[in-house]
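The sequence and the model are shown below.

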Amino acid sequence: MLGEDYMWEELAKYIGAENVPHDKRVNSHGKNRSLEVDFCIDKYDDFRAKMMPIAYEVGTWLQDYFLPLAKNESRTDVVVPRPETFHKFVEAYKVDPCGKLKRLDNGSYVKS
């Protein structure tokens, strides 16, 4: 999402700036590979199973409470460019990114 021009255009409009420079990327460029962690390996399934209920609740809260505020035209203090796109983006918070866990009716995640 941060690579999309519309995000920066909306931010500039919101803060009253002509534009917000965003072409330069600052990151480690993969130089410190020793810190990489593949959270999809079996060893981290239990960790993800504990984190996924939290991610699910965050996604639900954003969709049910935050986004409706952003869509309310009288709330100029809450701005989300393309709220439908953001809604789809946070929907992914509810699903194990590794595709190995499934959500049970009680809200817990287990290996599928």
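Which residues does Arg 48 touch, not counting residues up to four places away in sequence? They are Phe 39, Cys 40, Ile 41, Asp 96, Cys 98, Lys 100 and Leu 101, where contact means heavy atoms within 4.5 Å. The model is predicted, so local features need pLDDT of at least 70 and side-chain atom pairs count only at pLDDT 80 or more, while totals for chains, interfaces and linings use all residues. Residues are numbered from 1 along each chain as its sequence is written, and side-chain values use heavy atoms, with hydrogens and water left out.

**Overall composition**

- The secondary structure of the protein comes to three helices and two strands, taken as DSSP runs numbered from the N terminus (helices: H or I, at least four residues; strands: E, at least two).
- From the N terminus on, the order of these elements is α-α-α-β-β.
- Of the 112 residues in the protein, 23% are buried (buried means under 20% relative accessible area, exposed over 50%, partly exposed in between, with a 1.4 Å probe and protein chains only).
- Among contacts between residues at least 6 apart in sequence, 52% join residues at least 24 apart.

**The site around Arg 48**

- Arg 48 lies in helix H2, which spans residues 45–71.
- With a relative accessible area of 5%, Arg 48 is buried.
- Its side chain makes a polar contact with the side chain of Asp 96 at 2.7 Å (a pair of N or O atoms within 3.5 Å; within protein, one must be able to donate a hydrogen and the other to accept it, and residues adjacent in sequence count only if both atoms are side-chain atoms).

- Helix H3, residues 83–91, has Pro 83, Phe 86 and Val 90 as its buried residues.
- Seen down the helix axis, these residues fall within an arc of 55°, so they line one face of H3; the arc is that of the directions from the helix axis to the C-beta atoms.
- The buried residues of H3 pack against H2.
- Arg 82 is located in the loop between H2 and H3 and is partly exposed, at a relative accessible area of 46%.
- The C-alpha atoms of Arg 82 and Lys 71 are 9.5 Å apart in space, and the two residues are 11 apart in sequence.

**Surface**

- The protein exposes about 8600 Å², of which carbon and sulfur atoms supply 55%; accessible areas come from the Shrake-Rupley method with a 1.4 Å probe, and for residues only the protein chains shown count as cover.
- Ile 54 is placed in helix H2 and counts as partly exposed, at 47% relative accessibility.
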